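This report covers the salt bridges of one protein model. The sequence and structure come first, and the pairs follow.

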Amino acid sequence: MKLRPVNDKVVIRPKNQEDDNVTEGGIILPDIAIQNSLVEGEVIGVGNGMYSMTGEIIPVAVEKGETVLYNKTNSGQEYVLDGETLVILSTNEILSVLEK
């Protein structure tokens with residue numbers, strides 16, 4: 001099965017965050033302690049964009065394969081597809097694109 005986002009939606013595969021929840025001393029941090037942290041993820045699907053009031057399509061600002069940052073707690077919806085957790089969110093919820 002495959003997800004095909006619509007309009008300005010983007011499907012993201014989050015980077016493994018388990019290592020970020022453990023301090024160097026081995027203390028496991030609860031989600032509430034890191035709730036305002038940013039998450040890094042790979043864009044794996046992009047919608048076509050939204051229509052403007054004049055009927056022109058406004059393209060999505062990110063492309064498939066790019067690495068982006070978004071807020072962990074205030075963005076998107078998680079969806080499990082074939083055992084993998086993906087995040088579906090609006091383009092407006094993406095805070096930055098990481099460039100090399």
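## The Lys9–Asp8 pair

Lys9 and Asp8 form a salt bridge, with 3.3 Å between the closest N and O atoms. A salt bridge here is a side-chain nitrogen of Lys or Arg within 4 Å of a carboxyl oxygen of Asp or Glu. Lys9 is partly exposed at a relative accessible area of 33%, whereas Asp8 is buried at 14%. Buried means under 20% relative accessible area, exposed over 50%, and partly exposed in between (1.4 Å probe, protein chains only).

## Basis of the values

The model is predicted: local features need pLDDT of at least 70, side-chain atom pairs count only at pLDDT 80 or more, and totals for chains, interfaces and linings use all residues. Residues are numbered from 1 along each chain as its sequence is written, and side-chain values use heavy atoms, with hydrogens and water left out.

## The network at Arg13

Salt bridges link Arg13, Glu42 and Glu84 in a network. Arg13 meets Glu42 at 3.4 Å, N to O. Because Arg13 lies in strand β1 (residues 9-14) and Glu42 in strand β2 (residues 38-46), this pair ties together parts 29 residues apart in sequence. Strands (E, at least two residues) are DSSP runs, numbered from the N terminus.

Arg13 also forms a salt bridge with Glu84, the closest N and O atoms being 2.5 Å apart. Glu84 lies in strand β7 (residues 84-90) and Arg13 in strand β1, so the pair ties together parts 71 residues apart in sequence. Relative accessible area is 32% for Arg13 and 33% for Glu42, and relative accessibility is 30% for Glu84; Arg13, Glu42 and Glu84 are partly exposed.

## Count

The count by this rule is 3 salt bridges.

Terms used:
Helices (H or I, at least four residues) and strands (E, at least two) are DSSP runs, numbered from the N terminus.
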